[in-house]
Amino acid sequence: LKVISRTSVEKYRDTGKSLPEIARELSVATIVEGAVQRVGNQVRINAQLINAHTDEHLWADTFDREYTLDNLLAIQSEVTASIADALEAELTDREKGHINRPPTSSLEAYDLYLRGRQLMATRRTGELQQALASFERAVEIDPGFAKAWVEIAVCNQLLVRKEVISRAKSLENRKHALDKALALDDQLGEAYAALAWTLPDREEREAALRKAIELSPNYSVAYMWLAQNIGDQPPYEEMLSLYYKAAELDPLLSIVQVNIAQTLAYTGRVKEGLERFRRVLQYDPENFPALVSIGLVLAWNGQLAEGTMNLRKAEQLDPTSGFLMWHLAE
């Protein structure tokens, strides 16, 4: 099953678009929709699986439970298994085990993890620091929360680029967090993807990223990082194909689209790259990497005024970015 990531689906939360429109934009055949109502310590979850082309209900159910972490995670597992059954998909024993394994024993830690993921998606310095604090608090509450340890590593990796942490300290933090994550769950694809960026050898990084994809084939970021590991060396087709695979799994994840646009622009397809940057900024106008990248591409192609304007917009969003200051000075 190709499953679209939450970061793309989240953008339809308050949409007025029809299911067929959404399905076309995400290139999917079926859509899960539902609602959650909470009153006191009771929660009701309505969920349904719909054929987006015929509007036919393939599966639906209502869950009334006491509001506890065990109940919420049990419902998630039940919904997942029911959808797989409705689509006549066969789950392996490893996949069944993954579905039924609770990620954490704490509702508070789970909430902090979800908040951190949302903040991290912005790629802005302040939000990345807040995200890191959320993940660190999550593992304080539940040291056995493997996925939160992975995100601590990813945050440290991203903050190096913001020049708020040294490479040596970041590497030390990442190795510590990933040792914790893999000791807890050595089948966690996201952990191997993050591990790749602690390895000095390109072939070792590639092996770790391919293992991440084998374990978590719907993890779009692993495809993006594998493309980046290949580097800006001709031929560019393999790198672009990996970026396009990431975009297929997470079509509205801005950072993937920015990487595609950058690659197109830097390989001579400037017009295509600029068009893709502008599409990103239509649905995500405050996306820091998109504003910086389009600013640089415009400037390097002689459009200095428009390029500087976009860099100034980025500066308003992230005024502490040393990386951005350097390019503005340039």
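R279 is partly exposed, at a relative accessible area of 43%; the class lies between buried, under 20% relative accessible area, and exposed, over 50%, with a 1.4 Å probe and protein chains only. R279 sits in helix 14, where helices (H or I, at least four residues) and strands (E, at least two) are DSSP runs numbered from the N terminus. Between the C-alpha atoms of R279 and W149 the separation is 34 Å, and the two are 130 residues apart along the chain. The model is predicted: local features need pLDDT of at least 70, side-chain atom pairs count only at pLDDT 80 or more, and totals for chains, interfaces and linings use all residues. Residues are numbered from 1 along each chain as its sequence is written, and side-chain values use heavy atoms, with hydrogens and water left out.

The expected span of a helix is 1.5 Å times one less than its number of residues.

Leaving aside residues up to four places away in sequence, Y266 touches V297 and W300; contact means heavy atoms within 4.5 Å. After helix 13 comes G268, which has a positive phi near 95°.

Helix 12 also has 13 residues, and from its first C-alpha to its last it reaches 19 Å, close to the expected 18 Å. Its buried residues are M239, L240, L242, Y243, A246, A247 and L249, and they pack against helix 11 and helix 13.

A pocket is an open set of points on a 1 Å grid over the protein atoms alone, with protein on both sides within 12 Å along at least five of seven lines, and lining residues have an atom within 4 Å of a point. The second largest pocket holds about 1200 Å³ of space. Its lining consists of 40 residues, and L158, R161, Q228, N259 and F323 are those nearest its centre. At least two lining residues come from each of helix 7 (146–161), helix 8 (167–184), helix 11, helix 12, helix 13, helix 15 and helix 17 (322–329).

Elsewhere, the chain forms paired strands; two strands pair if DSSP finds at least two bridges between them. Strand 1 (residues 30–39) and strand 2 (residues 42–51) run antiparallel and are joined by 10 bridges, with V32 partnered by L49 in strand 2. Two residues lie between the strands of this hairpin, in which G40 has a positive phi near 60°. Strand 2 is joined in turn to strand 3 (residues 56–66), also antiparallel, by 10 bridges. Here the bridge partner of V43 is R65 in strand 3. The hairpin of strand 2 and strand 3 has four residues between the strands, and D55 takes a positive phi near 65°.

How values were computed:
On a 1 Å grid over the protein atoms alone, a cavity is a set of points where a 1.4 Å probe fits but cannot get out, and a pocket is an open set with protein on both sides within 12 Å along at least five of seven lines; lining residues have an atom within 4 Å of a point. Grid points are joined across faces, edges and corners, and a volume is the space filled by probe spheres set on the points.
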